[in-house]
Number of protein chains: 2
Amino acid sequence: MSQSYRVAILGATGAVGTELLQLLAERQFPLAELRVLASERSAGKRVAFGDETLTVEAVGDRAFDDIDIVLASAGGSRSKQWASVAKAAGAVVIDNSSAFRMDPTVPLVVPEINPDAAADHEGLIANPNCTTILMGVAVYPLHQVHPIRRIIAATYQSASGAGAMAMEEVKVQTQAILDGKTPPTNSFPYPLAFNLFPHNTPLNEAGYCEEEMKMVNETRKIFGVPDLRVSATCIRVPVLRAHSEAINLEFDQPFSPHKAKEILQSAPGVQVVEDWQANYFPMPIDASGIDPVLVGRIRQDLSHPCGLELWLSGDQVRKGAALNAVQIAELLAQRNWVKPASQRQTSFAAVGG
Amino acid sequence: MSQSYRVAILGATGAVGTELLQLLAERQFPLAELRVLASERSAGKRVAFGDETLTVEAVGDRAFDDIDIVLASAGGSRSKQWASVAKAAGAVVIDNSSAFRMDPTVPLVVPEINPDAAADHEGLIANPNCTTILMGVAVYPLHQVHPIRRIIAATYQSASGAGAMAMEEVKVQTQAILDGKTPPTNSFPYPLAFNLFPHNTPLNEAGYCEEEMKMVNETRKIFGVPDLRVSATCIRVPVLRAHSEAINLEFDQPFSPHKAKEILQSAPGVQVVEDWQANYFPMPIDASGIDPVLVGRIRQDLSHPCGLELWLSGDQVRKGAALNAVQIAELLAQRNWVKPASQRQTSFAAVGG
């Protein structure tokens with residue numbers, strides 16, 4: 001990566017935007033420039049980048065000029081609005097929203113799983129849903145050894161999935177309940193403090209919410225198995241920023257838990273956490289703020305000879321969103337799948353456009 | 001129930017004991033006497049029973065004399081110690097511990113499922129595990145229509161499952177975290193506030209904890225299906241007193257969600273909670289303090305033609321423990337499966353012994 005890149009972050013003031021800034025600094029992404037963009041009302045705000053402080057600019061028609069890579073985390077409608085502007089300016093957009101994920105012309109990439117898919121980008125790469133990424137990182141290494149036939153997942157999703165304000169709201173709700181007061185609800189339809197409820201995204205006719213259908217459809221696309229059988233129950237829990245998942249897997253043949261553990265111990269992005277004596281397994285407080293997906297309780301499914309059960313916790317803001325996006329940017333840089341603006345002047349048709 | 005009974009509560013000062021007292025009052029159980037028993041160190045404490053206050057007596061060799069029904073909720077080792085004493089005194093013990101549940105001579109009873117099993121008691125009836133009761137009440141009505149072939153459960157278990165002190169500890173931990181302090185841990189090995197972790201009961205060689213094996217083995221016994229395929233992941237969550245469960249069911253044939261909902265709407269002990277427009281489904285805060293198991297999100301399993309998914313919340317202290325025990329006592333009274341001490345004098349051999 002001797003080349004360096006002009007990067008813009010769209011949605012720089014949100015929970016994922018803040019993490020994107022941290023990760024670009026931490027991982028020393030080769031930056032020629034870093035532009036931090038947000039909506040008009042956040043313009044002028046200051047955000048931290050390593051030891052520096054950057055000033056947020058309002059996103060606009062010229063905001064992406066000379067930019068090579070856009071890390072977008074501004075919600076689906078803003079992504080739809082600005083992705084074409086950024087693409088037209090010659091940038092590659094790595095979009096964290098759900099707007100383009102199922103578009104057949106847009107690669108949906110988890111670098112540990114399907115890095116090569118990123119090569120086919122037409123100026124836009126989608127970052128998958130957080131629960132989907134975490135599950136994918138944990139189970140794909142097993143799928144490579146024996147194909148997965150069926151996945152049944154139940155999730156334990158933290159407040160961060162609904163943004164920085166939602167995390168704050170859970171704390172405020174919790175204090176209210178401890179003080180004997182009525183908890184306020186703004187980000188969520190029901191109190192999440194000392195409570196939990198099914199993920200409050202719209203339900204389809206079959207009774208599945210959007211979050212659950214993301215786990216089904218995005219997993220199929222990322223794994224490249226269009227008919228993979230997946231069913232999920234997505235639940236929000238009063239945890240701040242790491243998601244957990246109970247996952248039941250059915251393979252085409254018996255899969256020894258011992259062998260599965262060995263595979264996962266050397267799998268990229270995975271850390272096996274299993275102390276059977278101490279009853280110590282993945283927990284969201286341990287997964288918060290770190291890169292790997294913590295996986296444990298890998299055991300034979302008692303109800304099926306070809307089944308395995310496992311349990312994971314992973315940072316929803318980091319690997320579930322910002323880290324995966326930055327890894328995609330690193331992949332583009334490493335494999336030379338993005339052309340810096342300086343080179344675009346002379347070989348315009350090569351990439352993007 | 002023109003007859004009335006002499007009842008003793010063993011473990012009257014705990015979370016379940018407190019609830020037993022409330023339920024006996026609320027449901028106007030026909031009492032000739034109510035004796036409240038606990039360990040030596042709780043003797044002399046006062047407990048509420050309706051408008052009355054009762055004084056706790058230390059349990060001892062004569063504590064069960066002339067008692068007809070013992071509601072025991074004092075943990076496995078105390079139950080083992082005192083059940084035989086109570087039985088020898090002629091009482092029927094309804095035991096909330098796990099000590100006797102898998103004993104083939106001891107009925108394991110959920111009145112909505114297998115009331116007739118209680119008839120065969122030999123002075124001892126076991127009250128099942130809380131997660132098992134809640135799941136059983138919700139899925140048995142479906143099993144009666146089309147046999148269940150396989151159950152995969154993931155639980156979201158409240159602090160009350162570890163007792164009244166654990167509930168208090170979660171509040172203390174939560175306040176500590178909100179104040180930026182280190183949360184104390186006594187009842188649990190890890191902080192539960194803003195966190196969650198696999199149920200901290202000992203694990204077997206296959207990697208399943210005791211709580212999970214209770215769901216497997218007790219469900220088989222209660223349903224009378226010794227080879228029923230069940231697998232479970234049991235997780236403690238920072239909720240105070242109601243458990244929730246994501247349940248995946250496989251039947252011997254397709255089962256329409258519409259039909260399943262109709263069946264559950266008229267099932268005993270179940271309340272269907274489904275507002276698809278408002279995204280309103282069972283939540284632990286709604287299940288706390290009420291009798292029915294709340295069931296919702298009844299939907300076709302996307303990964304199996306004969307599968308259904310559902311979601312439930314139920315009060316762990318009430319239907320998960322105390323209410324089920326009181327219902328067993330009511331069953332014994334209604335069906336004349338317990339002989340009051342007054343009658344035992346003249347027809348000693350009839351019941352118990």
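## A surface pair to start with

A:Arg62 is exposed, with a relative accessible area of 63%. (Exposed means over 50% relative accessible area, buried under 20% and partly exposed in between, using a 1.4 Å probe and protein chains only.) Its salt-bridge partner is A:Asp65, the closest N and O atoms being 2.7 Å apart. A:Asp65 itself is partly exposed, with a relative accessible area of 22%. A salt bridge here is a side-chain nitrogen of Lys or Arg within 4 Å of a carboxyl oxygen of Asp or Glu.

Some ground rules: this is a predicted model, where local features need pLDDT of at least 70 and side-chain atom pairs count only at pLDDT 80 or more, while totals for chains, interfaces and linings use all residues. Residues are numbered from 1 along each chain as its sequence is written, chains are lettered from A and ligands numbered from 1 in the order in which they are written, and side-chain values use heavy atoms, with hydrogens and water left out.

## How the two chains sit together

Chain A superposes on chain B by a rotation of 180° with 0.0 Å of shift along its axis, at an RMSD of 0.0 Å. That is how a two-fold axis relates its copies. The same surface is used by both, with 100% of the contact residues of chain A recurring in chain B.

In chain A, strand E15 (residues 307-315) has 9 of its 9 residues buried, so the rest of the structure largely encloses it. (Strands are DSSP runs of E, at least two residues long, and helices are runs of H or I, at least four; both are numbered from the N terminus.) In a regular strand, side chains alternate between the two faces of the sheet. In E15(A), A:Gly307, A:Glu309, A:Trp311, A:Ser313 and A:Asp315 point one way, while A:Leu308, A:Leu310, A:Leu312 and A:Gly314 point the other.

E15(A) pairs in the antiparallel sense with strand E12 (residues 242-251) of chain A over 9 bridges, and A:Ser244 stands opposite A:Ser313 there. Pairing requires at least two DSSP bridges between the strands. Strand E14 (residues 293-300) of chain A also runs antiparallel to E15(A), over 5 bridges, with A:Val295 bridging to A:Leu312. E14(A) and E15(A) make a hairpin, with 6 residues between them.

## A parallel sheet in chain B

Chain B has an open sheet of 6 strands, paired in parallel in the order E5-E2-E1-E6-E7-E8. The edges are strand E5 (57-58) and strand E8 (124-126), each pairing on one side only. Inside the sheet, strand E6 (residues 69-72) and strand E7 (residues 92-95) of chain B run parallel and share 4 bridges, and B:Ala72 has B:Asp95 as its bridge partner.

Just after H1(A), A:Gln28 takes a positive phi of about 50°.

The structure holds 37 salt bridges over all chains. A:Glu330 and A:Arg27 form one at 2.8 Å, N to O. A:Glu330 sits in helix H8 (residues 318-334) and A:Arg27 in the loop between H1 and strand E2 (31-38) of chain A, so the pair ties together parts that are 303 residues apart in sequence. A:Glu330 is buried at 11% relative accessibility, whereas A:Arg27 is partly exposed at 29%.

In chain B, B:Asp116 and B:Arg335 form a salt bridge with closest N and O atoms 2.8 Å apart. This pair is 219 residues apart, linking the loop between E7 and E8 to the loop between H8 and H9. Back in chain A, salt bridges with shared partners join A:Glu19, A:Glu26, A:Arg27, A:Arg241, A:Asp291, A:Asp315, A:Arg318 and A:Glu330 into one network.

Definitions and conventions: Least-squares fit on C-alpha atoms with pLDDT ≥ 70 in both. Contact = heavy atoms within 4.5 Å.
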